[in-house]
Amino acid sequence: MSGAEPLRTLYWEQDSLFLLDQRLLPGKISYRRCRSAADVAAAIKNMVVRGAPAIGVSAAFAMVLAAREAAGDGSGAAAIERAAAALRSSRPTAVNLDWALRRMESLLERFGGDTGEELTAILLREARTILEEDLATNRRIGAHGASLIPDGASILTHCNAGALATAGYGTALGVIRAAAAAGKRLQVYVDETRPLLQGARLTALELLREKIPAVLVTDSCAGYLFSDDRITVVIVGADRIAANGDTANKIGTYPLAVLAKRHRVPFYVAAPCSTIDLSLESGREIAIEERDPEEITTLNGDRIAPAGIAAFNPAFDVTPAELISAIVTERGLLHRPCRAALENLLAKGEE
Ligand code: MRU
């Protein structure tokens with residue numbers, strides 16, 4: 001079933017982080033070289049790289065770049081902390097960013113303010129570990145989630161939670177990949193995902209390359225698909241999962257969960273444990289990023305709405321836990337997401 005090799009989202013070479021410029025896909029495969037932590041923060045903000053796990057991995061490598069700069073100009077640990085703060089604020093909703101930064105900062109703390117080549121080398125080793133772990137995690141998510149996908153399933157997915165949103169393989173798309181690899185016959189409906197078209201540009205590309213049967217639809221087609229009994233499973237990724245299981249994901253996810261409930265179709269979320277944020281009681285506390293209204297009023301730089309119209313552009317919405325049939329993680333499935341279940345999951349090891 002498998003087709004072309006998945007595109008590499010990012011890699012480390014020549015003391016730099018190379019990011020696949022996802023804004024140019026599917027038309028052009030071009031890698032942007034980031035030589036500083038500020039380059040990476042800008043790339044995250046401008047969505048050269050996007051997707052919660054990919055943002056986290058990128059931020060980890062950005063910390064290596066910050067440490068190297070600090071070692072070079074003697075600006076010290078405070079400069080690395082400033083870089084971390086800039087990275088942290090580059091996109092507020094995906095908690096994987098904060099998770100990866102904390103992991104890097106804990107090494108920084110262990111060094112007690114010393115900056116130098118040794119610290120840079122240790123941070124680089126940790127960033128590489130985070131990248132490798134993400135790949136392995138996604139494969140485990142795929143293995144756990146594939147059991148939820150019946151042979152002959154007609155799957156609806158939103159945005160891009162694929163290899164391009166991670167270090168590779170993907171979360172929601174990883175589940176689809178694993179089900180396809182197990183020989184299940186699948187049909188995937190891909191929401192185009194306004195306004196930045198991650199579904200039309202990225203998910204469609206990944207599924208085509210994998211030779212998994214896929215059909216592109218407008219976001220507003222979802223109601224029709226459900227009412228025409230064309231969807232048997234919904235699976236999406238996540239940017240942050242609060243302690244009660246409420247889940248933030250790309251704007252337009254919540255209405256799919258409502259539709260799925262109405263039509264008695266299972267609605268699954270696939271995400272690594274690093275997306276779970278027990279510090280927030282419920283989804284109401286999740287910071288929702290608001291992006292430039294121009295993303296709505298223009299298309300490829302051309303104005304499509306009249307000049308002067310106001311536009312509101314939240315990048316994410318929150319799906320209440322009660323609408324989620326199960327969360328698929330690398331540690332197994334969580335059928336009724338709630339604080340106790342999520343705490344147990346984080347406390348136990350991998351299955
Ligand atoms: O704005 P984006 O493209 O970063 O949004 C991405 C999503 O909403 C994904 O579904 C989520 O980050 C999970 S990626 C495995």
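Tutor: Begin with the classes. Ala, Val, Leu, Ile, Met, Phe, Trp, Tyr, Cys and Pro count as nonpolar; Asp, Glu, Lys and Arg count as charged; the others, Gly among them, count as polar. Keep in mind that this is a predicted model.

Student: How do the residues of the shell around the ligand divide into nonpolar, polar and charged?

Tutor: The shell holds eight nonpolar, six polar and four charged residues.

Student: Which residues come nearest to the ligand?

Tutor: There are 18 residues around the ligand. Arg 50, Ala 52, Arg 91, Asn 249 and Lys 250 come nearest.

Student: Which side chains place a polar atom by an oxygen atom of the ligand?

Tutor: Look for N or O pairs within 3.5 Å. Asn 249 has a polar side-chain atom 2.6 Å from a ligand oxygen. For Arg 50, a side-chain N or O atom is 2.8 Å from an oxygen of the ligand. For Gln 198, the distance from a polar side-chain atom to a ligand oxygen is 2.9 Å.

Student: How much of the ligand does the protein bury?

Tutor: Compare the ligand alone with the ligand in place. Alone, the ligand exposes 420 Å². The protein buries 100% of that area.

Student: What is the space taken by the ligand?

Tutor: That space is the largest cavity.

Student: Which elements give two or more residues to the shell?

Tutor: Helix H2 (52–73) and strand S9 (247–250) do.

Student: Why does the ligand lie between domain 1 and domain 2?

Tutor: Check which domains supply the shell. Domain 1 (10–138) and domain 2 (142–347) both give residues to it, so the ligand lies between them.

Student: Now the backbone. Where are the cis peptide bonds?

Tutor: Read omega. Pro 26 sits in the loop between strand S2 (16–20) and strand S3 (31–34). Another cis bond joins Arg 194 and Pro 195, with omega about 5°. Pro 195 is in the loop between strand S5 (186–191) and helix H7 (198–210).

Student: Which residues other than glycine have a positive phi?

Tutor: Gln 14 is one of them, with phi near 50°. Gln 14 lies in the loop between strand S1 (10–13) and S2. Asp 229 is another, with phi near 55°. Asp 229 falls in the loop between helix H8 (222–227) and strand S7 (233–236).

Technical notes
Residues numbered from 1 in each chain as written. Predicted model: local features only at pLDDT ≥ 70, side-chain atom pairs only at ≥ 80, totals over all residues. Heavy atoms only, no water. Near = heavy atom within 4 Å. Polar contact = N/O pair within 3.5 Å; in protein donor to acceptor, adjacent residues only side chain to side chain. Areas by Shrake-Rupley, 256 points an atom, 1.4 Å probe, with all protein chains shown as cover. 1 Å grid on protein atoms, 1.4 Å probe; cavity = no way out; pocket = protein on both sides within 12 Å on 5 of 7 lines; lining within 4 Å. Sits in = over half its atoms within 2 Å of the grid points. Helix = DSSP H or I, 4+ residues; strand = E, 2+ residues; numbered from the N terminus. Domains from an automatic or database assignment.
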